[in-house]
Amino acid sequence: MSVASLVSYEQALERYDPVLGLEVHVELDTVSKMFCGCPTGFGAAPNAQVCPVCLGLPGALPVLNERAVESAIRIGLALNCTVAVECRFARKNYFYPDMPKNFQTSQYDEPIAFDGWTEVEVDGRSYRIEIERAHMEEDTGKSLHVGGATGRIHGAHHSLVDYNRAGIPLVEIVTRPIVGTGALAPVVARAYVAHLRELLVALAVSDVRMEQGSLRCDANVSLRPGPDAPLGTRTETKNVNSLRSVERAVRYEICRQASVLGDGGTVTQETRHWHEDTGITTPGRSKEQAEDYRYFPEPDLAPIAPDAAWVEELRETLPEGPRERWARLQAGWGFSDLEMRDVAGAGALVLVEQTIAAGATPAAAKKWWLSDLARRANEQGVEPAALPVSPEQVAQVQALIDAGRINDKMARTVFDGLLAGEGTPEEIVVAQGLVVVSDETALGAAVDRAIEAHPDVAAKVRDGKVAAAGALIGAVMKEMRGQADAARVRELINSRLVTVTPGSDLASQ
Ligand SMILES: [Zn+2]
């Protein structure tokens with residue numbers, strides 16, 4: 001269904017109440033896999049990080065990674081969950097070429113953590129998100145479909161399988177149905193995933209790189225006629241891999257389902273694929289019921305019974321809560337509520353924090369991440385964190401500005417260079433010959449020419465309309481092709497046009 005043939009979002013919201021459910025898979029950043037000693041690094045040659053256990057060869061026996069259990073418990077505690085006194089792994093049986101054992105070792109009716117909650121802020125309002133469970137499981141391998149236009153299996157000539165990812169520990173965090181968000185449903189969905197990501201960064205349990213798949217979101221959406229009606233049939237849009245896509249996918253599904261229902265149709269319970277390029281979802285497989293998986297307890301792994309004292313020790317290692325963290329950062333940075341929300345909404349809270357830690361002022365850190373870098377990330381369809389520009393480099397660029405060596409316009413050229421991989425900010429400044437002209441004679445002459453060329457503006461400045469000086473500064477900057485020191489130009493203009501009255505502060509200088 002193309003976007004054009006859908007009812008508008010506003011129409012959909014007039015007729016239906018959306019209900020969300022979010023399942024987030026987090027890859028833990030353990031050194032080794034969940035049940036074997038294979039390394040977990042991203043980007044290795046295909047099938048270079050495998051062994052009999054993660055390949056599911058006959059007779060191979062799993063050994064549980066203690067660090068993975070520790071991380072799962074800490075995630076559960078941070079989400080205010082109850083940690084199971086005893087729980088087990090289960091086999092989830094299904095065939096998929098990228099899953100060599102023909103079952104996934106997961107948790108079914110005995111998750112390690114359950115019955116939690118967390119809160120997200122949207123537009124100054126707090127939404128409580130109930131967490132049904134956080135359970136452990138292993139990741140599958142990856143199929144690569146070759147020869148088709150879309151990279152999907154349809155139209156492909158053949159497929160390749162890479163088992164490097166098979167057996168990497170995951171925690172799946174599942175919410176209860178999220179109701180009462182109304183028109184903000186897509187924004188709340190995005191805010192929740194952004195909030196989880198911040199939380200996981202603070203816990204230091206995952207590198208949470210959405211573009212590498214270490215944080216993946218399945219978004220369940222259903223519609224009902226009103227807040228008191230029973231829940232409608234839901235669809236599950238799989239593996240949405242950016243915050244922006246989470247918002248767009250939920251919004252699209254609301255419009256699509258409203259169109260189907262409005263035409264007298266019924267929504268099919270199914271998984272769907274999100275298409276970043278066209279902004280639509282298309283049907284995947286019809287959704288299996290739990291009984292289709294023939295779950296049974298994993299016989300090769302002993303039950304997990306985390307010692308109560310150990311759980312309490314882990315509770316002590318939790319980072320400050322999101323609210324405390326938010327309040328601490330806001331107080332330290334001196335940002336308004338709106339500025340904080342803008343930073344968080346752009347997925348830049350940690351980036352701004354790290355840029356400040358690297359020496360930039362809060363205002364400068366916010367400025368670059370929310371303007372130029374956010375725009376470039378948006379153009380590339382990635383999160384700001386995925387840009388090849390580090391917080392340290394942003395701080396270095398700002399330091400060059402503060403030292404008067406480059407101006408804001410040149411900083412943008414430096415960012416171009418950083419994105420193109422041309423070296424450090426210092427190297428790019430040297431290679432491109434970027435230098436602010438602060439030669440007094442050259443600047444003074446340019447200022448005189450600007451005053452002569454704009455007598456009306458100069459008269460206004462003389463009459464005390466200091467703001468009018470902007471037009472003169474602009475003229476000088478244009479003549480100097482953006483390479484003038486704007487602050488010094490303003491001083492030179494003032495020294496020529498602003499009359500110093502006796503007794504004023506200026507006269508005493
Ligand atoms: Zn292995």
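In what order do the strands of the open sheet stand, and what is the pairing?

## The sheet

The model described here is predicted. Its open sheet is formed by 9 strands, which follow one another in the order S2-S5-S6-S9-S1-S10-S11-S12-S13. The pairing within this sheet is mixed. Strands of a sheet pair through backbone hydrogen bonds, in either a parallel or an antiparallel manner.

## Edges and packing

The edges of the sheet are held by strand S2 (82-83) and strand S13 (280-286). Each has a single partner strand, so one side of each is left without a neighbour in the sheet. For S2, the pairing with strand S5 (residues 113-122) is antiparallel and extends over 2 bridges. Thr82 has Phe114 of S5 as its bridge partner.

Helix H3 (residues 185-203) packs on the sheet. The strands that H3 touches are S1 (17-27), S5, S6 (125-138), S9 (169-175) and S10 (215-224). The direction of H3 makes about 25° with that of S1.

## Helix H10

Helix H10 (residues 372-380) has Leu373, Ala374 and Ala377 as buried residues. Viewed down the axis of H10, its buried residues fall within an arc of 100°, and therefore they line one face of the helix. Among the elements that cover these buried residues are helix H9 (362-370) and helix H12 (408-419).

The face of H10 turned away from the buried side carries Arg375 and Glu379, which are exposed. After H10 comes Gly381, with a positive phi near 70°.

Definitions and conventions. Residues numbered from 1 in each chain as written. Predicted model: local features only at pLDDT ≥ 70, side-chain atom pairs only at ≥ 80, totals over all residues. Pairing = 2+ DSSP bridges. Helix = DSSP H or I, 4+ residues; strand = E, 2+ residues; numbered from the N terminus. Contact = placed C-beta atoms within 7 Å. Axes fitted to C-alpha atoms, helices over the stretch in contact; angles between N-to-C directions. Buried ≥ 20, exposed ≤ 12 C-beta atoms within 10 Å, placed from the backbone. Arc of directions from axis to C-beta.
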